[in-house]
Amino acid sequence: MSTIIGMAEPKFVGGNIIATCPDCNAVSSFVPRTVDTDSGKETDISSLFLHFPHSYQGARYDGVLWLFVRCINCNRGGVAKIHFQNHFLSNVVEEFLPHAVDHAKLPTDVPEDLVKEFREAELDASFGAYRSGSALFRSVLEKTLNTNGYEEVTYTDTQGVPTAT
Ligand SMILES: [Zn+2]
């Protein structure tokens, strides 16, 4: 899983996933139980365990657990891919959806189209799509410079040699 700047990596703790929820914007417990909103009664959600001994990041695991979960704050659903073994503390979350993005604070007077493009770049980067994220960040930078009177932007390397236009 790629590292998201400023975001806590999802963890598998006590049978639940601890992660940032993009809907209620809290570090939340995602539990493998659904809830009846009328009665409040909780029911276990099915999970999928694929037993195949394998290595992941230098450690041995018995298999992969796909765990379907629900945010206890807002009821948003999620799914985690967990490298699983019987030693509870050693289980590792490789992937977790939903993906929460730690948004950079932008000045309030930034035009809406630039904010939208910037947020899309952050989302790309959060999924590890760094090339497309970088291209969008560059586009935002160029538009910002153009808006502020810089007609032509020349990129140079550390020696001052132009690298692109
Ligand atoms: Zn939530």
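Predicted model: local features only at pLDDT ≥ 70, side-chain atom pairs only at ≥ 80, totals over all residues.
Residues are numbered from 1 along each chain as its sequence is written.

**Overall layout**

- Along its principal axes, the C-alpha trace of the protein chain spans about 60 × 45 × 20 Å.
- Two helices and 11 strands make up the secondary structure of the protein chain, where helices (H or I, at least four residues) and strands (E, at least two) are DSSP runs numbered from the N terminus.
- Read from the N terminus, the order of elements is β-β-β-β-β-β-β-β-β-α-α-β-β.

**Confidence**

- The mean pLDDT of the protein chain is 88, and 92% of the residues score at least 70; pLDDT is the predictor's confidence in each residue, from 0 to 100.
- Among the elements, confidence is highest in β8, at 95, and lowest in strand β11 (residues 162-164), at a mean of 76.
- Take care with residues 1-6, where pLDDT stays under 50 and the model has eight contacts beyond four places in sequence; a contact here means C-beta atoms, placed from the backbone, within 7 Å.

**Strand pairing around β7**

- β7 pairs with β8 in the antiparallel sense over eight bridges, with L67 standing opposite A80 in β8; two strands pair if DSSP finds at least two bridges between them.
- The hairpin of β7 and β8 has five residues between the strands, and N75 takes a positive phi near 75°.
- Strand β6 (residues 48-56) also pairs with β7 in the antiparallel sense, over seven bridges, and S55 has R60 in β7 as its bridge partner.
- Two residues lie between β6 and β7 in their hairpin, and Q57 in the turn has a positive phi of about 50°.
- β3 and β7 are antiparallel as well, over two bridges, and F30 stands opposite C71 in β7.

**Burial and cores**

- Of the 165 residues of the protein chain, 18% count as buried; buried means 20 or more other C-beta atoms within 10 Å of a residue's own, exposed means 12 or fewer, and partly exposed lies in between, with C-beta atoms placed from the backbone.
- The largest nonpolar core has 17 residues, of which I17, A80 and I82 touch the most other members; a nonpolar core is a set of buried Ala, Val, Leu, Ile, Met, Phe, Trp, Tyr and Cys residues joined through C-beta atoms within 7 Å.
- Two or more residues of this core come from each of β2 (16-20), β3 (27-31), β7 (59-71), β8 (77-84) and β9 (92-97), and β7 gives the largest share, five residues.
- Apart from this core lies another, of five residues, among them A121, A125, L136 and V140.
- Not counting residues up to four places away in sequence, I82 touches F12, V64, L65, L67, N91, V92 and V93.

Note on methods
Contact = placed C-beta atoms within 7 Å.
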